[in-house]
2 protein chains.
Amino acid sequence: MNLQLDAVGPLYEQLARALKRAILEGRWHSGQRLPATRVLARQLGISRNTVTYAYELLCAQQLAVSRHGSGTRVRAVQPVRSPWHDNPAGRPLSRYARRARELGPIKLARRHKLIRYNLLYGEPLLDPPLFNSLRTKLSAAVLRTDPNYASPAGLSSLRSAVCRYLARRRGVACMPEDVIITHGTQQALSLVARVVLDEFDPVVIEDPHYQLALHALRAHGARIHSVRTDADGIVTADLPARGVRLAYVTPACQFPSGAVMSFTRRMELLKWAAQTESWIFEDDYNGEFVFEGASLPTLRSLDTHDRVIYVGTFSKVMYPALRLGYIVSPMRLRQDLASAKYLDDLGTAALEQNALATFMENGGFDRHLRRAGAELQRRRAVLLEGLNRYAAEHIEVTNSVAGLHVVGWLRKLDYAGLERLIGHAAGKGLGLHPIHPFYEKMPPRPGLLLGFAGLWPAQLDVATRLLGRCLDEL
Amino acid sequence: MNLQLDAVGPLYEQLARALKRAILEGRWHSGQRLPATRVLARQLGISRNTVTYAYELLCAQQLAVSRHGSGTRVRAVQPVRSPWHDNPAGRPLSRYARRARELGPIKLARRHKLIRYNLLYGEPLLDPPLFNSLRTKLSAAVLRTDPNYASPAGLSSLRSAVCRYLARRRGVACMPEDVIITHGTQQALSLVARVVLDEFDPVVIEDPHYQLALHALRAHGARIHSVRTDADGIVTADLPARGVRLAYVTPACQFPSGAVMSFTRRMELLKWAAQTESWIFEDDYNGEFVFEGASLPTLRSLDTHDRVIYVGTFSKVMYPALRLGYIVSPMRLRQDLASAKYLDDLGTAALEQNALATFMENGGFDRHLRRAGAELQRRRAVLLEGLNRYAAEHIEVTNSVAGLHVVGWLRKLDYAGLERLIGHAAGKGLGLHPIHPFYEKMPPRPGLLLGFAGLWPAQLDVATRLLGRCLDEL
């Protein structure tokens, strides 16, 4: 018997595929009895269980029938005798898929078990009362939620709750009709890209930047203009004078440098957008957690030309696994963004929208924000104090008034030294993460992105002590 | 004072926008006191509350400061004196957005309150035990779910549960690595379109077809080849001989005609796909509910050339508001589809995936399917019996062995008569829905798409009696 296994996946899968091919190509006729499992196992030099499981798969696929006592037989299947040839390369994929392949495989931030003190950015603050609130809200929402398709732009209860929250805490005035509920900022960006960008259209992003935003724009086919940032945010003087369709910015807390966009730059950026007729994607991902100084008005609040697409997320203020965020749309794009959302996935699941709306409207969300803000403030203070106490001569902290991480620039090390530092720290159970991969133009000196939301104050104290020791030892 | 209101949204919003513009354009200097609310209200002839609320919005936007006793004053804002002009038309949107606009505004199937007996397709079967199970599963999932970003292709527990379910009930053999959890079939289609279709690439769809699939493909920019179907499903002889990249088909239960694709047609379609190197999008949306005859093997089970993208949804077997479905990917597209999902929204919310995985693995889902299948069988029987008893001389039921609706062709009416029938029925509280809007080529005689999942047996009996009476009266 000629059975070619393709070496992909578990052995029983390979065997089942080979048998399927033999049946469909007519090499085994209908009603023919397959070899006894013991016999085939011996012939192929594999375990009998593997053969049994492959036969079960064939039966599940309705290509064979197994009867007790009479073994497994091929079902009546019309064989196909055409000259089929496998062509594993196949037709080229879409340009989108080819561009996505060039971005490399998906990398999720890995959490090593041996790294006990991981200063990883993006770890959520775990707040037990939050989980308890969500339990009761979700449980109630199951019974309250209309099981049918909901409005693609989101439940009106949640859209209203978002408006009230934004007016109260972010100074953003908007109407429920402006709000589109999304699966986080990432979906907001892919919807916006679809609605305002054709392939090869130019887009401005900040340097440094959030990598997944860049990847989504690249895969979409945008031409990327990266514009440098300084302590006042994006350098508006460097913006291209024309042709750009969209600028992706993080004014409240530049990611990952931490700079807050100054008021002047905000006004200049808005002026530029009005003059060049570009859209501004205002990613307010961390506007809620500003720890020093007053928070500035959002671009959306300052915009008089209907040019700002304001985007918020619950990934930072609650946690990422929720996958909930929202767009506050310019009036002119409301219908287009809602259509794009509809065509993309018919709208976000109503259950969690309902639960979140209740949580926001009954004051639970505000209480959570106060608790989380206070706890983050505490953790941030421990981190900064530790850096100052144990590593002040090695590390300079800049521009970090907001967000869930601070940036520490290494005073004495070059990039080779940075690599040694990271390796040395990992050996001691301390996870360190460089900032330069987020830059297009490598900064002159190396820096660390020090996330503090995922570690307790006591852990942060140990982590900074370890960091100081590692730096001393190098 | 020159305040131009733009007549969009509530009056207080309009007023706030006009004031904002005045401030930002420097017409009011920093620190200047805004008119007393009473004065401005009188000037503009609007209520004082409206003015108060507009001032509050300005304060929320940090453009003004209100102090008790000294009124509301303009904050220090650097005015912008550039020659800004509003250009409401703006730059043209993307080609995607322009195509989406041509599709017309979003239409959700409306449920009129006065239509007591609505034979609307797509209404879910409401199953109280299902809601109770979901409550407990979701509640437990809140505490068990990793709050961080999950794998973009889905939780491995749910992907495994889907594999076992598909092997058990649909004869589909696949591995968890093949499965990508999506927000329903709609997202599955938009991911597939992105990965295999460039703008202007040709796509085959069935005539008749599910309108939102067509819309998503149109907006994506695909060129649509619509291929007719008959009682054996898509007419494979009419498939274009070359050039097509993707064929969207519903073999288990052609939507909306109800035809089951014959075994021969299945093999021919697969042969065509292999020869033309097209992908097949197998939408198995209703494969679970087959009420007459044995169910045929899925295209995915018969495919030996890795050409079938098998797609399932929980919208029909559970309910649409969940927004959960899955792709079983060909081996060659696994990574590409997972990347597309990642770039689109970073993956589906982990909470509901976790709850669903438990529900599927502890037997609750199978119990639900048995209950739902039996109840749907009962409702379907009542509908068919009623059609036979009250309307046999007017209506011929064809090709309806599966799914949540049956198709009734009107023996005696022309299209003008159909319109009169629908109007007449609505007046009696009976909702009827024609089938011809789903067709590209209008069928020679009019037909009705009769959904039965949303009505109880007793309601279905009344509905068919009403239908018979309406037909007799015309």
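**View 1. Helix H12 of chain B against the sheet.** In this predicted model, helix H12 of chain B, residues 334–345, lies across strands E4 and E11 of chain B. The helix runs at about 20 degrees to E4(B). H12(B) also takes part in the contact with the other chain: with 9 residues, it supplies the largest share of the side of chain B that touches chain A.

**View 2. The open sheet of chain B.** The sheet has 8 strands in the order E4-E11-E10-E9-E8-E5-E6-E7, with mixed pairing. Strand E4 (179–182) and strand E7 (233–234) of chain B are at the edges; each has a single partner strand, so one side of each lacks a neighbour in the sheet. Helix H6 of chain B, residues 156–170, packs on this sheet and touches E4, E10 and E11 of chain B. The direction of H6(B) makes about 105 degrees with that of E4(B).

**View 3. Strands E10 and E11 of chain B.** Strand E10 (residues 308–313) and strand E11 (residues 325–328) of chain B run antiparallel and are joined by 4 bridges. Within this pair, Tyr310(B) is opposite Val328(B) of E11(B). Strands of a sheet pair through backbone hydrogen bonds, in either a parallel or an antiparallel arrangement.

**View 4. The hairpin of E1 and E2 in chain B.** Strand E1 (residues 64–67) and strand E2 (residues 71–74) of chain B are antiparallel, with 4 bridges between them. Val65(B) faces Arg73(B) of E2(B) as its opposite residue. The two strands, E1(B) and E2(B), form a hairpin with 3 residues between them. Gly69(B), in the turn, has a positive phi of about 95 degrees.

**View 5. The edge of the sheet in chain A.** In chain A, 8 strands make an open sheet of mixed pairing, ordered E4-E11-E10-E9-E8-E5-E6-E7. Its edge strands are E4 (179–182) and E7 (233–234) of chain A, each pairing on one side only. E4(A) is joined by 4 bridges to strand E11 (residues 325–328) of chain A, and the two run antiparallel. Ile181(A) has Tyr326(A) in E11(A) as its bridge partner. Helix H12 of chain A, residues 334–345, packs on the sheet and touches E4 and E11 of chain A. Its direction makes about 20 degrees with that of E4(A).

**View 6. The interface of chains A and B.** The contact involves 123 residues from chain B and 123 residues from chain A. About 10700 Å² is buried between the two chains, and carbon and sulfur atoms give 58% of this area. There are 35 residue pairs in polar contact across the interface of chain B and chain A, both residues being at pLDDT 80 or more. The side of chain B that touches chain A divides into 63 nonpolar, 32 polar and 28 charged residues.

**View 7. A salt bridge between the chains.** The count over all chains is 52 salt bridges. One pair crosses from Arg95(B), in helix H4 (residues 95–102) of chain B, to Asp198(A), in the loop between helix H7 (184–196) and strand E5 (202–207) of chain A. The closest N and O atoms of Arg95(B) and Asp198(A) are 3.6 Å apart. Between chain B and chain A the count is 6 salt bridges.

**View 8. The surroundings of Leu126 in chain B.** Leu126(B) sits in the loop between strand E3 (117–118) and helix H5 (128–144) of chain B. Leaving aside residues up to four places away in sequence, Leu126(B) touches Pro147(A) and Phe131(B). Leu126(B) and Trp456(B) are 330 residues apart in sequence, with a C-alpha to C-alpha separation of 9.8 Å.

Methods
Residues numbered from 1 in each chain as written. Chains lettered and ligands numbered in written order. Predicted model: local features only at pLDDT ≥ 70, side-chain atom pairs only at ≥ 80, totals over all residues. Heavy atoms only, no water. Pairing = 2+ DSSP bridges. Contact = heavy atoms within 4.5 Å. Axes fitted to C-alpha atoms, helices over the stretch in contact; angles between N-to-C directions. Buried area = accessible area lost by both parts, 1.4 Å probe. Salt bridge = Lys/Arg side-chain N within 4 Å of Asp/Glu carboxyl O. Polar contact = N/O pair within 3.5 Å; in protein donor to acceptor, adjacent residues only side chain to side chain. Nonpolar A, V, L, I, M, F, W, Y, C, P; charged D, E, K, R; others polar.
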